There are 2 protein chains.
Amino acid sequence: MAPSGAADRARRTPDPALPPKQTRTPNPPRTPNAVRDQERLAKTNARRQARRLRPGGATRSAAGVKDVAAAAGVSLGTVSNVLNRPEMVSPTTRAKVESAMESLGFVRNESARQLRAGSSRIIAYLMLDAGNPFFTDVARGVEEAAQKAGLSVFLCNSNEDAGREADYLDLLEQQRVQGVLITPIDPDSSRLSTLPDRGTPVVVVDRAIDDGEHCSVAVDDVLGGEVALTHLIELGHRRVAFVGGPNTIGQVTDRREGAQEALRKAGLPADSLVDVLTGALTVAEGRGAGQRLAGLPADRRPTAAFCANDLLALGLLQQCVSLGLRVPEDLAIVGYDDIEFAAAAAVPLTSVRQPRQLLGRTAAELLLDESSNPDHEHQRVTFTPELVVRTSTRGNA
Amino acid sequence: MAPSGAADRARRTPDPALPPKQTRTPNPPRTPNAVRDQERLAKTNARRQARRLRPGGATRSAAGVKDVAAAAGVSLGTVSNVLNRPEMVSPTTRAKVESAMESLGFVRNESARQLRAGSSRIIAYLMLDAGNPFFTDVARGVEEAAQKAGLSVFLCNSNEDAGREADYLDLLEQQRVQGVLITPIDPDSSRLSTLPDRGTPVVVVDRAIDDGEHCSVAVDDVLGGEVALTHLIELGHRRVAFVGGPNTIGQVTDRREGAQEALRKAGLPADSLVDVLTGALTVAEGRGAGQRLAGLPADRRPTAAFCANDLLALGLLQQCVSLGLRVPEDLAIVGYDDIEFAAAAAVPLTSVRQPRQLLGRTAAELLLDESSNPDHEHQRVTFTPELVVRTSTRGNA
DNA sequence: GGTCGTTGCTGAAAGGTTTCAAGAAGATTG
DNA sequence: CAATCTTCTTGAAACCTTTCAGCAACGACC
């Protein structure tokens with residue numbers, strides 16, 4: 001956009017206001033004891049003041065199609081045609097209208113458009129945790145497919161909070177979005193079915209579901225868990241921690257189940273898998289789990305840990321390393337998702353990879369089909385995960 | 001929600017459909033050659049079919065206030081009162097109306113509401129890169145403040161693409177959202193001023209700006225750059241790479257400028273700082289930069305690298321380590337943002353920490369003030385970053 | 001028994017766009 | 001030149017809610 005201007009602007013801004021007190025934090029990092037310099041902008045006040053005193057005083061100048069029509073000397077309908085079917089209006093008229101729009105600063109009122117036209121050009125992806133790179137990668141796939149279809153994507157973050165999820169679902173339904181993609185906290189929640197019942201398509205992402213109300217796109221988590229644990233078993237581990245929780249999250253229970261399945265198939269006792277329950281799937285919880293694991297006496301401590309996702313694994317890894325455990329010698333670690341940071345970790349992380357972007361893209365495509373194709377048939381698409389072996393299990397061999 | 005049901009559901013889903021061909025990827029990970037099992041859901045089709053054949057055939061059953069009013073035997077206005085000023089309607093009437101809503105599956109049409117009432121209960125945060133944990137942390141702060149005020153947040157991702165940024169700005173303005181938070185690609189773009197001119201408040205996040213049209217909340221990037229490089233200088237480095245780009249991104253130029261400032265203050269020549277330009281602020285670009293740096297002959301190679309953000313630093317670190325460079329002995333690395341993964345990296349990363357969540361919260365608060373307080377005065381808030389020293393510069397001392 | 005205040009409800013107008021049947025102006029044809 | 005087509009444009013209705021002035025009923029008060 002303005003490849004050059006940025007630097008100049010940047011230079012002139014901060015220095016004068018700054019008391020040269022740069023906080024310098026030694027290693028055990030302190031709380032972000034940031035200094036806040038606040039500055040009222042003089043120019044601003046003058047301007048705002050002027051704005052508020054403007055005759056009419058309304059916040060928005062509100063030039064509507066009507067005003068545009070008047071300014072261009074045409075009828076309402078013609079303006080609307082310029083907006084929606086430009087090919088139907090003669091070039092000269094169109095030019096007049098467009099220049100009127102320009103000079104009036106016309107901004108189409110989407111609420112009114114949608115009210116009358118009935119359809120929205122927006123789809124939403126309600127994410128389980130926007131801070132988890134796995135979901136932002138899925139979101140990228142969604143955006144890609146949406147863009148191709150000329151739609152826009154709003155991202156919402158339930159943050160693993162059922163209340164917020166419900167609020168967002170209400171909101172999106174009220175907004176009459178064209179469709180909702182969701183990685184739900186609980187795919188069986190009845191709330192999830194009310195939307196499609198009333199006409200808002202919903203596609204479930206990263207959970208398989210076959211209630212006949214939704215399409216779903218998922219990766220086989222049971223298989224993923226099985227593959228992960230089979231790998232650990234083949235490496236000789238006989239006592240493995242499963243780090244994950246809460247159990248309301250299907251991904252967690254599926255992956256655990258897969259792990260148990262692997263034990264069964266290998267003829268190992270079910271209690272070879274030790275549950276280390278976490279409160280959420282975050283790095284911080286992973287650290288907590290590491291604390292607990294490292295605290296166990298060496299002879300009772302599992303020799304490996306399978307984590308329900310990479311955030312947990314990274315936290316676990318970090319904590320264990322800092323407490324002096326060697327990975328993988330003292331504790332082998334397998335993560336899940338193979339997020340980009342897994343490979344860059346203190347010890348590169350063995351992980352179960354999922355086709356993240358493909359997941360999002362496919363989900364969005366199903367949603368688009370559902371909302372535009374009257375012959376749409378619900379589908380359940382399942383992808384297969386694959387194990388990516390790195391140092392955290394196999395060592396530097 | 002359904003603490004128990006989840007596991008059962010999970011079990012019954014995937015196994016039957018799966019050909020037990022689990023792809024197993026050896027270390028140099030292959031492309032996610034995932035198998036896609038697709039399944040048409042029989043039950044579904046029946047249902048959908050039924051739905052489509054319903055008399056009227058419309059996608060949405062469309063129960064409006066009118067229908068509710070009729071069903072409850074009251075007037076339109078009363079239904080609206082139940083919705084918006086429940087305390088003004090008698091308990092018995094309210095109960096009647098509410099049960100009518102329930103049984104009709106009434107969903108308020110937000111478009112119509114907004115058209116008439118004029119205001120939206122939504123703010124948006126237009127992010128520079130949703131895949132960067134720094135911005136999702138900022139978003140968390142935004143959500144926190146918004147929730148407190150009873151508003152909802154829509155997240156949009158420009159993905160460092162000016163076209164998408166512009167499209168989203170148009171969209172949000174047309175949606176008449178209550179306000180827009182944005183981390184812009186180019187804060188000087190005139191497009192950024194047209195929104196406030198027409199009544200949509202805009203707060204710039206992570207860039208300082210004083211054009212009198214916006215509030216802005218930022219961290220002093222020049223200072224951050226200076227602090228980072230001062231640290232490296234004190235450690236004895238005299239030839240430092242600055243890894244970052246493109247230069248259209250203000251954060252990059254500011255941080256570089258701070259670095260240069262530190263050199264100046266230390267009386268070192270300006271060419272002590274070697275530019276390693278990247279195409280974006282991503283892990284992948286960081287790896288590329290690592291490739292280039294590691295390729296230099298040891299005597300011409302900088303002894304340290306200051307990266308414009310942690311993603312670059314992590315990529316750089318990963319690549320250098322895998323190419324046999326020791327960090328920090330052969331190359332010391334400083335990142336920027338102190339994202340959660342920085343501490344968990346192969347070599348824990350020295351980084352410049354910013355109060356991310358506070359940034360978002362403050363920005364949202366300013367936005368709320370601007371959109372609700374007629375005496376709002378634009379402000380520019382600047383926070384001070386702090387250096388967090390870890391192994392990637394100081395070694396294991 | 002009239003007046004006044006409350007409380008709860010009503011009915012119509014308004015908000016900005018899209019849609020569509022129908023009209024006007026020009027171009028083409030027989 | 002009349003008749004027929006085309007191509008543009010028009011005006012009014014419709015979308016669904018909120019708002020607000022006003023009305024009815026009722027008790028309290030003097």
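Helices here are DSSP runs (H or I) of at least four residues and strands are DSSP runs (E) of at least two, numbered from the N terminus. The views below show a predicted model.

**The annotated domain of chain A.** UniProt, in an unreviewed entry, lists residues 63-117 of chain A as "domain: HTH lacI-type". Over residues 63-117 of chain A, the chain is 71% helix and 0% strand.

**The surface near DNA strand C.** DNA strand C is surrounded by 28 residues. The closest are Gly64(A) and Ala112(A) from chain A, with Ser75(B), Gly77(B) and Thr93(B) from chain B. Chain A supplies at least two residues from each of helix H3 (65-72), helix H4 (76-84) and helix H6 (110-117). In chain B, helix H4 (76-84) and helix H6 (110-117) each supply at least two residues as well. By class, the residues of this surface are twelve nonpolar, eleven polar and five charged.

**The surface near DNA strand D.** Around DNA strand D there are 27 residues. Those that come nearest are Ser75(A), Gly77(A) and Thr93(A) from chain A, together with Gly64(B) and Ala112(B) from chain B. At least two residues each come from H4 and H6 of chain A, and from helix H3 (65-72), H4 and H6 of chain B. Which helix gives the most to the surface near DNA strand D? H4(B) does, with five residues. The surface near DNA strand D has eleven nonpolar, eleven polar and five charged residues.

**Two cis peptide bonds in chain A.** Most peptide bonds are trans. The bond from Gly245(A) to Pro246(A) is cis, with omega near 0 degrees. Pro246(A) lies in the loop that runs between strand E8 (240-244) and helix H11 (250-266) of chain A. Val327(A) and Pro328(A) are also joined by a cis peptide bond, with omega about 10 degrees. Pro328(A) is in the loop between helix H13 (310-322) and strand E11 (332-337) of chain A.

**Arg176(A), a loop residue with positive phi.** Most residues other than glycine have a negative phi. Arg176(A) is not glycine, and its phi is near 55 degrees, a positive value. Arg176(A) sits in the loop between helix H8 (162-174) and strand E5 (179-182) of chain A. Is Arg176(A) buried or exposed? The cut-off for a buried residue is 20 or more other C-beta atoms within 10 Å. Arg176(A) has 20 C-beta neighbours inside 10 Å, so Arg176(A) counts as buried.

Asp206(A) lies in the loop between strand E6 (202-205) and strand E7 (215-219). Phi of Asp206(A) is near 70 degrees, which is positive although the residue is not glycine. Asp206(A) counts as buried because 26 C-beta neighbours lie inside 10 Å. Ala208(A) is found in the loop between E6 and E7 of chain A. Ala208(A) counts as buried, with 26 C-beta neighbours inside 10 Å. Ala208(A) and Gly250(A) are 42 residues apart along the chain, and their C-alpha atoms are separated by 9.7 Å.

**Packing of H12(B) and H13(B).** Helix H12 (residues 283-295) and helix H13 (residues 310-322) of chain B have axes 6 Å apart and pack at an angle of about 45 degrees. That angle makes H12(B) oblique to H13(B). The crossing of H12(B) past H13(B) is right-handed.

**Packing of H3(B) and H5(B).** The axes of H3(B) and helix H5 (residues 91-104) of chain B cross at roughly 120 degrees and come within 9 Å. H3(B) is therefore oblique to H5(B). H3(B) and H5(B) form a right-handed crossing.

**Leu126(B) in strand E3 of chain B.** Leu126(B) belongs to strand E3 (residues 122-127) of chain B. Leu126(B) is buried, since 23 other C-beta atoms are within 10 Å. Leu181(B) is 55 residues from Leu126(B) along the chain, whereas the two C-alpha atoms are separated by 6.1 Å.

**Val153(B) in strand E4 of chain B.** Val153(B) is placed in strand E4 (residues 152-157) of chain B. Val153(B) counts as buried because it has 25 C-beta neighbours inside 10 Å. Between Val153(B) and Arg121(B), the separation is 32 residues in sequence and 8.9 Å in space, C-alpha to C-alpha.

Terms used:
Residues numbered from 1 in each chain as written. Chains lettered and ligands numbered in written order. Predicted model: local features only at pLDDT ≥ 70, side-chain atom pairs only at ≥ 80, totals over all residues. Near = placed C-beta within 6 Å. Nonpolar A, V, L, I, M, F, W, Y, C, P; charged D, E, K, R; others polar. UniProt positions renumbered as here; feature names shortened; annotations may be inferred. Buried ≥ 20, exposed ≤ 12 C-beta atoms within 10 Å, placed from the backbone. Axes fitted to C-alpha atoms, helices over the stretch in contact; angles between N-to-C directions. Parallel < 35°, antiparallel > 145°, perpendicular 65-115°, else oblique. Left-handed = near helix turned anticlockwise from the far one by under 90°.
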